[in-house]
Amino acid sequence: MNFDKDLDARGLNCPLPILRAKKALTEMQSGQVLRIVSTDVGSVKDFQAFCKQTGNELLSQAEASNEYTFFLKRK
Amino acid sequence: MAARKICVVVVSGTRERLQMAAMAASVAAVSGIEVTIFLSMNAVPHFVKGATADAPSEGAFGDLLVKKKAPDFKTLFRQAVELGGAKILPCSMALDIAGIETDTLEPFVGEPTGLTAFLNAAADAQVWTF
């Protein structure tokens, strides 16, 4: 999947992946896609809730080798 | 349905409570929830300019937060303001009792506020106390 900005949140614990994602999104335009890679096991449900709460779209999420990759479309 | 407005009352000066308050406030704020943080009692001196985030631990976990390099609570509170538009309001009574001048507080801390104004803001909000 194509993306406009990449956020490496590996090694960061809650709440930093969400805070870093929010910061990245504020620097992006509506419709652009942010890729986030996290190792925080709580980040799957956190990003689902974050998108539900903020209206940004969670395009996809995947897990491989204890890394979680998310694609968020900025609202 | 998720709360749209949260008031966080922070009276403790210990690391664990300040950390939990900061984590909850910052995540709520960046998630689009209106967040107001009311600082009073032992929490206030930590928000004087130049004061470190080296708050005393209540227990072993507080020490672990330092050892594991968790983001400090002052950074998280600042991000709640900068990234999520949270308001941090110091208690006017606490400032007076502690002899702390408003212009000595960190720039991300707002205007001194009395309980009446805070209670008005909290009237239609969830209130969390730390």
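**View 1. Surroundings of B:Val35 in the predicted model.** Leaving aside neighbours within four places in sequence, B:Val35 is in contact (heavy atoms within 4.5 Å) with B:Ile6, B:Val8, B:Ala25, B:Ala28, B:Ala29, B:Ala86 and B:Lys87. Residues are numbered from 1 along each chain as its sequence is written, chains are lettered from A and ligands numbered from 1 in the order in which they are written, and side-chain values use heavy atoms, with hydrogens and water left out. Because this is a predicted model, local features need pLDDT of at least 70 and side-chain atom pairs count only at pLDDT 80 or more, whereas totals for chains, interfaces and linings use all residues.

**View 2. The largest nonpolar core.** A nonpolar core is a set of buried Ala, Val, Leu, Ile, Met, Phe, Trp, Tyr and Cys residues joined through side-chain atoms within 4.5 Å; buried means under 20% relative accessible area, exposed over 50%, and partly exposed in between (1.4 Å probe, protein chains only). Of the 60 residues in the largest core, A:Ile36, B:Val8, B:Val10, B:Val35, B:Ile37 and B:Phe77 touch the most other members. Helix α1 of chain B (residues 15-30) gives the most to this core, with 8 residues. Helices (H or I, at least four residues) and strands (E, at least two) are DSSP runs, numbered from the N terminus.

**View 3. The hairpin of β3 and β4 in chain A.** Strand β3 (residues 57-64) and strand β4 (residues 67-73) of chain A pair in the antiparallel sense over 7 bridges; strands pair if DSSP finds at least two bridges between them. The bridge partner of A:Ala62 is A:Thr69 in β4(A). The two strands form a hairpin with 2 residues between them, and A:Ser65 in the turn has a positive phi of about 55°. A:Asn66 lies in the loop between β3 and β4 of chain A and has a positive phi of about 60° although it is not a glycine. A:Asn66 is exposed, with a relative accessible area of 55%.

**View 4. The largest pocket.** About 350 Å³ of space lies in this pocket. On a 1 Å grid over the protein atoms alone, a pocket is an open set of points where a 1.4 Å probe fits, with protein on both sides within 12 Å along at least five of seven lines, and lining residues have an atom within 4 Å of a point. Grid points are joined across faces, edges and corners, and a volume is the space filled by probe spheres set on the points. Of the 16 lining residues, A:Asn13, A:Cys14, B:Phe61, B:Leu65 and B:Ala70 are the closest to the centre. The largest share of the lining, 4 residues, comes from α1(B). By class, the lining has 10 nonpolar, 3 polar and 3 charged residues; Ala, Val, Leu, Ile, Met, Phe, Trp, Tyr, Cys and Pro count as nonpolar, Asp, Glu, Lys and Arg as charged, and the others, Gly among them, as polar.

**View 5. The second largest pocket.** This pocket has a volume of about 180 Å³. Residues of both chains line it, including A:Cys14, A:Phe50, B:Val27 and B:Ile33. Helix α2(A) gives the most to the lining, with 4 residues.

**View 6. The cis peptide bond at A:Pro15.** The bond from A:Cys14 to A:Pro15 is cis, with omega near 10°. A:Pro15 lies in the loop between β1 (5-9) and α1 (16-26) of chain A.
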